[in-house]
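The sequence and the structure come first.

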Amino acid sequence: PRELVERCIRAGCPRGGVVLDPFAGIGTTLQVARDLGRAAIGIELSRKSCVMAAERLRQEPPRGGKHPVASSAPDGQVAVDGGHDREFGEEEGGVR
């Protein structure tokens, strides 16, 4: 739930800090971090979940006018970084 994630981020990461979510799933933590003015790095093994997280971050406008942050995907998938799409290939060391 967003409320639980928000409470944890506010307690453990200062504004302008970086949130690391090594089990990003569909990106709830990344989205909440973005909305709270924190950068975020998400790692997820499931290709399907990575695609869903990237789409969700692209489609849902940030609350409070914040900018998108980082969401990493396995090689060959789209990553969201500052609002621009970028392809990650094997030669670039995509997240596994």
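A contact here means heavy atoms within 4.5 Å. Of the contacts in the protein with a separation of 6 or more, 44% are between residues 24 or more positions apart. The model is a predicted one, in which local features need pLDDT of at least 70 and side-chain atom pairs count only at pLDDT 80 or more, while totals for chains, interfaces and linings use all residues. Residues are numbered from 1 along each chain as its sequence is written, and side-chain values use heavy atoms, with hydrogens and water left out.

**Overall architecture**

Helices (H or I, at least four residues) and strands (E, at least two) are DSSP runs, numbered from the N terminus. The protein has three helices and four strands, and their order from the N terminus is α-β-α-β-α-β-β. A residue is buried under 20% relative accessible area, exposed over 50%, and partly exposed in between (1.4 Å probe, protein chains only). Of the 96 residues in the protein, 41% are buried.

**The β-α-β unit**

Strand 1 (residues 18-21) and strand 2 run in the parallel sense and pair over four bridges, where pairing requires that DSSP finds at least two bridges between the strands. Within this pair, Leu20 is opposite Ile41 of strand 2. Together with helix 2 (residues 28-35), strands 1 and 2 form a right-handed β-α-β unit. Right-handed means that, with the strands pointing away from the viewer, the path from the first strand over the helix to the second runs clockwise.

In a regular strand, side chains alternate between the two faces of the sheet. Strand 2 (residues 39-42) has Ala40 and Gly42 on its covered face, and Ala39 and Ile41 on its uncovered face.

In helix 1 (residues 2-12), the buried residues are Arg2, Val5 and Ile9. They lie on the same side of helix 1 because they cover an arc of only 65 degrees around the axis, the arc being that of the directions from the helix axis to the C-beta atoms. Glu3, Arg7 and Ala11, on the other side of helix 1, are exposed. The packing partners of the buried residues of helix 1 are strand 1 and helix 2.

Helix 2 is mostly covered, with seven of its eight residues buried: Thr29, Leu30, Gln31, Val32, Ala33, Arg34 and Asp35. These buried residues of helix 2 pack against helix 1, strand 1, strand 2 and helix 3. After helix 2 comes Gly37, which has a positive phi near 80 degrees.

**The nonpolar core**

A nonpolar core is a set of buried Ala, Val, Leu, Ile, Met, Phe, Trp, Tyr and Cys residues joined through side-chain atoms within 4.5 Å. The largest one has 11 residues: Val5, Ile9, Cys13, Val19, Ala24, Leu30, Val32, Ala33, Leu36, Ala40 and Leu57. Helix 1 and helix 2 are the elements that give two or more residues to this core, and helix 2 supplies the largest share, three residues.

Ile9 belongs to helix 1. Its contacts, leaving aside neighbours within four places in sequence, are Val19, Thr29, Val32, Ala33, Leu36 and Arg38. Ile9 and Leu36 are 27 residues apart along the chain, and their C-alpha atoms are separated by 8.3 Å. With neighbours within four places again left aside, Leu36 is in contact with Glu6, Ile9, Arg10 and Arg15.

**Further buried positions**

| Residue | Relative accessibility |
|---|---|
| Ile9 | 6% |
| Gly17 | 14% |
| Ser49 | 16% |
| Arg56 | 18% |

Gly17 sits in the loop between helix 1 and strand 1. Apart from neighbours within four places in sequence, Gly17 is in contact with Arg38 and Ala39. Gly17 and Gly37 are 20 residues apart in sequence, with 8.2 Å between their C-alpha atoms.

Ser49 is in helix 3, and so is Arg56 (helix 3 spans residues 47-59). Not counting residues up to four places away in sequence, Ser49 touches Gly25, Ile26 and Glu44. Arg56, leaving aside neighbours within four places, is in contact with Ile26, Gly27, Thr28 and Gln31.
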